Each structure stands twice: as C-alpha cells, then as structure tokens.
Amino acid sequence: MAGGGTVKDVHSKAELEKMVGEGSSVILHFWAGWCEASKHMDEVFSHLSTDFPHAHFIRVEAEEQPDISEAYSVSAVPYFVFFKDGKLVDTLEGADPSSLANKVAKVSGSVNHSEPAAPASLGMAAGPTVLETVKEFAKDSGSSPLSTHLPSGPSDELSTKLKQLINSHPVMLFMKGSPEEPKCGFSQKVIDILRKENVKFGSFDILTDQVVREGLKNFSNWPTYPQLYCKGELLGGSDIAIAMHESGELKEVFRDHGIDIIGSSNEKAAESGSGKGGISQPNGLSETVSSRLANLIHSSPVMLFMKGKPEEPKCGFSRKVVEILQQEKVEFKSFDILLDDEIRQGLKVYSNWSSYPQLYIKGELIGGSDIVLEMHKSGELQRAIAEKGIARTESLEDRLKNLVNGSPLMLFMKGTPDAPRCGFSSKVVNALKEEGVSFGSFDILSDDEVRQGLKTFSNWPTYPQLYYKGELIGGCDIIMELRNNGELKSTLSE
C-alpha cells in the first residue's frame with residue numbers, strides 16, 4: 001500500500017458496514033493489483049488521507065472481495081464510493097485525481113473552506129501528488145480519465161487487432177519503449193537475450209497505445225510487460241525468457257518453430273533429429289529413470305508434461321495445449337517439468353521429442369503444441385480421444401445450462417428457501433411462495449464456480465437470479481415490480 005496516510009484494507013462486508021454505520025465520512029477505493037491506474041490512484045488516495053484525517057479511507061481488492069464489489073455494482077477499477085452520515089452520497093469511476101480530490105473534500109470538509117479542493121490548494125500531502133498523477137495520465141492517455149474493467153476479455157475488434165499484432169512477426173515482443181531505446185530494465189533484458197539468440201524480431205511499444213496495453217493483459221492472461229511471443233504463442237515475460245535462454249531452451253523453441261537464425265543458414269540442418277517421433281528405446285537412461293518416466297506417462301489416460309500447472313502455465317505453448325484439452329472436455333493430469341530436471345531432460349531422450357509440452361494418450365506420444373493444435377482444428381484429436389475410450393467431461397457452460405433448466409422455475413440464491421442468507425433472496429422466496437408457485441433453487445454460496453460463472457452466462461452481475469423455462473426473468477427488483485403490478489404469476493405461466 002502506498003504510504004502517506006492512514007488507509008485501512010477491509011476484508012469483509014460486515015467490517016465495512018460497521019465503519020460506514022459509525023457515521024463518519026468514509027471513502028472506499030476498489031482496486032486491483034494488475035491495474036496500473038489503480039496503483040497511481042492509490043498514491044493520491046493515501047496522500048488525501050493525510051489531508052483529511054477525520055475521514056476513514058478504506059481499500060477493497062475488487063476481485064478478492066466479490067461480495068463487497070457486487071454490493072456496489074463495481075465493474076471497473078479504480079472505483080470510489082463516498083459515504084457521509086452513514087449514507088452513500090457519491091461515486092467515481094476511473095483514474096481522475098482532480099475529481100477524487102474534490103469529491104473527498106465535499107464529504108470530508110475542504111482543507112480551505114472558502115474554495116473547493118482544486119489540486120494546487122489541497123495542502124500538505126496530496127497537492128503535488130495529484131498534479132504529478134494528472135500529468136502522468138495526460139501523457140499516457142491524452143488526459144482522459146482512465147478506468148480498467150475487471151477482466152472479461154477484449155472486444156472482437158480489439159481481439160482481431162491484437163491477433164494481427166502478435167502474428168505480425170514470427171518472434172514478437174511487446175515492450176516499454178523500442179529496441180533502440182527501452183523504457184524499462186525488464187524490456188532491456190529481453191532485447192539483450194533476443195540479440196544473443198541471433199533472431200529477427202518485431203516489437204510494439206505499449207506506452208504508445210493504452211488500449212493495446214490494457215487489452216493484451218486480458219487477451220494473454222498475463223498482467224505485466226514485456227511479453228514475448230513466438231509464432232503467435234506467448235512464451236512469457238522477462239523472468240521466463242531469461243530462464244529459457246540460460247537453459248538453452250529458448251534456442252530449442254526457436255529451432256523447433258523454424259525461426260531463422262541470423263547469419264547461420266546451416267545451424268538448423270545440423271541439429272540431429274526433427275523433434276518428432278514416438279517413444280523409442282531409451283538411450284543412455286538408467287533403469288530407474290526409465291521406469292519413473294514410464295510410470296508418469298501411464299499415470300493418467302491423458303497426460304501432459306508442461307511448464308507450470310494448468311491453472312498457471314509458465315509458457316504460451318503449454319497454455320495453448322491446456323486450453324485445447326479443456327475445449328475437448330477431457331480430464332487430464334499434468335507434470336510440471338520445471339520442478340524436476342531429471343524428468344525434464346530424461347523425457348526428451350525417452351520420447352525422442354526435444355521440446356515441451358508433450359501430450360500422451362494411453363501411454364502414446366501425440367506430440368507438442370503445433371501437432372495438438374493441428375489435430376484439434378481438423379477434428380483428429382477428438383477422434384483419437386474417442387477411439388481410445390477417453391470419457392469427456394461436462395463443461396461449465398453445459399453444467400450451467402443443465403442447472404438453469406433443472407426446474408421450470410429455477411432460483412439461484414444465497415442460502416436455501418428455508419434459510420435464505422441475504423435479504424434480497426428472502427424477498428424473492430417470499431414473493432414466489434405468496435404466488436403459490438413451486439420452484440427449484442440452487443445455493444450459489446455452496447459453489448463458487450457456479451456463482452462466478454452464472455454472472456457471465458446470464459450477463460447479470462448480482463444475485464438472486466430467477467429463471468423460467470431456461471430464460472432469465474431478473475433479480476430482486478424486477479421480481480418485486482412484477483409482484484406489485486400483479487404480473488408475476490402471469491409471467492410465470494406463459
């Protein structure tokens with residue numbers, strides 16, 4: 001947390017309600033660690049807490065506290081909520097330091113009561129920070145207030161633009177600055193590595209385009225820069241690029257994907273083997289290592305040797321294969337080769353396949369990311385899975401469809417009809433009971449996957465949610481309005 005004043009992090013809705021209920025002025029900042037705008041505004045927020053010591057300055061990490069974010073309809077960060085005398089009196093979305101200062105002054109009392117809290121008149125702590133932040137945002141975004149929507153994926157138009165940029169060069173680096181003039185040490189390090197690897201690469205300065213800068217984070221699910229891509233696939237950031245370079249693995253990746261080495265037309269041809277082939281007789285491996293590899297390969301019908309974990313892949317090629325297996329709806333196990341160098345090096349010899357990831361079905365090597373992607377697109381992977389008798393799993397979307405259609409009238413609520421866990425759910429339950437209609441219910445507090453997934457599925461951010469014959473009717477306000485107008489029963493019998 002940025003220093004300068006007293007800012008408190010809250011971790012529960014009850015804790016927040018208690019502070020608001022005390023009647024003092026409360027300023028609430030919803031933020032996210034991956035959002036640069038949040039970090040800048042957090043400095044302003046902290047300094048303002050020094051200028052207004054009688055107000056409570058509170059932070060909430062938006063994605064970590066969904067109950068609180070939901071209660072205030074937060075869909076973008078930074079986002080501020082202002083309370084006075086226990087009542088919500090104002091909100092502010094986006095990185096607008098001057099507006100934040102003025103709104104804080106209104107609910108807390110201006111430093112100089114004869115004038116509003118313009119940035120230069122804020123007094124000891126906040127004034128210089130506000131001015132500096134305003135200049136920073138003006139430089140980054142043409143002075144328009146910034147807000148970053150909580151990750152929901154870029155638009156189709158932006159996705160197309162990002163794909164075109166990523167695929168504009170076989171090796172593509174998104175960085176701060178240019179190769180001739182990097183604007184951060186991490187970008188400089190990756191530039192140095194690519195030059196040592198003797199590969200041609202394209203680059204894009206993310207400081208020149210805020211939309212690309214923020215959009216690529218969501219598109220790639222990678223929150224920082226630089227980002228290095230090879231043949232359209234994310235390899236990672238500076239740490240991963242450094243580790244791959246030092247281990248020699250980056251050279252292997254470039255070779256396996258046909259990346260030309262500057263000034264060395266024969267280098268690729270001189271390599272032994274093409275990186276393809278099934279499991280051959282182990283060459284130089286001990287019996288212990290060979291046995292261990294065989295056991296791992298057969299430990300699951302579908303086995304993926306990858307960098308990282310499915311929840312947190314450490315390279316773009318591994319991420320791509322994980323996504324394909326999830327799209328194919330098959331259960332699989334994985335092994336993180338970064339954690340065990342004996343397995344990492346031994347499997348290359350054992351399988352006669354020189355790179356990772358490696359996918360196996362029923363003990364047979366399918367291939368790496370390129371082959372898996374090709375088989376997936378052609379439908380061949382689906383046929384191979386079926387022929388091997390691999391059972392497909394139910395996707396979240398299929399599960400939500402089945403739940404929504406589990407009863408002609410279906411209520412997704414907090415708690416159960418007999419014991420609702422929030423006032424809004426209780427109101428809807430009572431309304432349905434008064435109408436004498438039977439309904440099914442699902443307690444979203446019991447399953448966070450359903451709780452979060454249904455918001456996207458229905459494009460409705462809060463609970464309860466009522467469905468009739470698979471179609472969303474609405475939330476508490478709509479149900480109450482239908483009941484009060486005498487239209488609820490007729491709506492549910494159409």
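Biologist: Where does P464 lie?
Modeller: P464 is in the loop between helix 19 and strand 24 (465-468). Keep in mind that this is a predicted model. The peptide bond joining Y463 and P464 is cis, with omega about 5°.

Biologist: And P357, which loop holds that one?
Modeller: The loop between helix 14 and strand 18 holds P357. A cis peptide bond joins Y356 and P357 there, and its omega is about 10°.

Biologist: What else can you tell me about that loop? I was looking at S354.
Modeller: S354 also lies in the loop between helix 14 and strand 18 (358-361).

Biologist: Is S354 buried or exposed?
Modeller: S354 is buried: its relative accessible area is 18%, and the cut-off for buried is under 20%. The side chain of S354 makes a polar contact of 3.0 Å with the side chain of R255.

Biologist: Which residue does R255 form a salt bridge with?
Modeller: D256 is the partner of R255, with the closest N and O atoms 3.2 Å apart. R255 counts as partly exposed at 22% relative accessibility, and D256 counts as partly exposed at 25%.

Biologist: Which residues of helix 10 are buried, then?
Modeller: In helix 10 (residues 249-256), the buried residues are E249, L250, E252, V253 and F254. Helix 10 is followed by G258, which has a positive phi near 70°.

Biologist: Back to salt bridges. How many are there?
Modeller: The count comes to 20 salt bridges. One of them is between the side chains of R292 and E342, at 3.0 Å from N to O. That pair links distant parts of the chain, with R292 in helix 12 (residues 287-297) and E342 in helix 14 (residues 341-351), 50 residues apart.

Biologist: How accessible are R292 and E342?
Modeller: R292 counts as partly exposed at 32% relative accessibility. E342 is partly exposed too, with a relative accessible area of 43%.

Biologist: What about R483, which residue is its salt-bridge partner?
Modeller: R483 pairs with E434, and the closest N and O atoms are 3.4 Å apart. This pair also links distant parts of the chain: R483 sits in helix 20 (residues 476-484) and E434 in helix 18 (residues 423-435), 49 residues apart. R483 counts as partly exposed at 28% relative accessibility, whereas E434 is exposed, with a relative accessible area of 57%.

Biologist: Which residues are joined into a network by salt bridges that share partners?
Modeller: D9, D42 and R59 are joined into one network that way.

Biologist: New topic, helix 8. Why is it described as largely enclosed by the rest of the structure?
Modeller: Because 8 of the 11 residues of helix 8 (residues 210-220) are buried. Those buried residues are Q210, V212, R213, E214, G215, L216, K217 and S220.

Biologist: Nice. What caps the N-terminal end of helix 8?
Modeller: D209 does, with a side-chain oxygen lying 3.1 Å from the backbone nitrogen of V211. N221 follows helix 8, and the phi of N221 is positive, near 55°.

Biologist: Last one: where does L445 lie?
Modeller: L445 is in the loop between strand 23 (440-443) and helix 19 (448-458), and counts as partly exposed at 33% relative accessibility. L445 and R421 are 24 residues apart in sequence, with their C-alpha atoms 8.9 Å apart in space.

Key
Residues numbered from 1 in each chain as written. Predicted model: local features only at pLDDT ≥ 70, side-chain atom pairs only at ≥ 80, totals over all residues. Heavy atoms only, no water. Buried < 20%, exposed > 50% of the residue type's maximum accessible area, 1.4 Å probe, protein only. Helix = DSSP H or I, 4+ residues; strand = E, 2+ residues; numbered from the N terminus. Polar contact = N/O pair within 3.5 Å; in protein donor to acceptor, adjacent residues only side chain to side chain. Salt bridge = Lys/Arg side-chain N within 4 Å of Asp/Glu carboxyl O.
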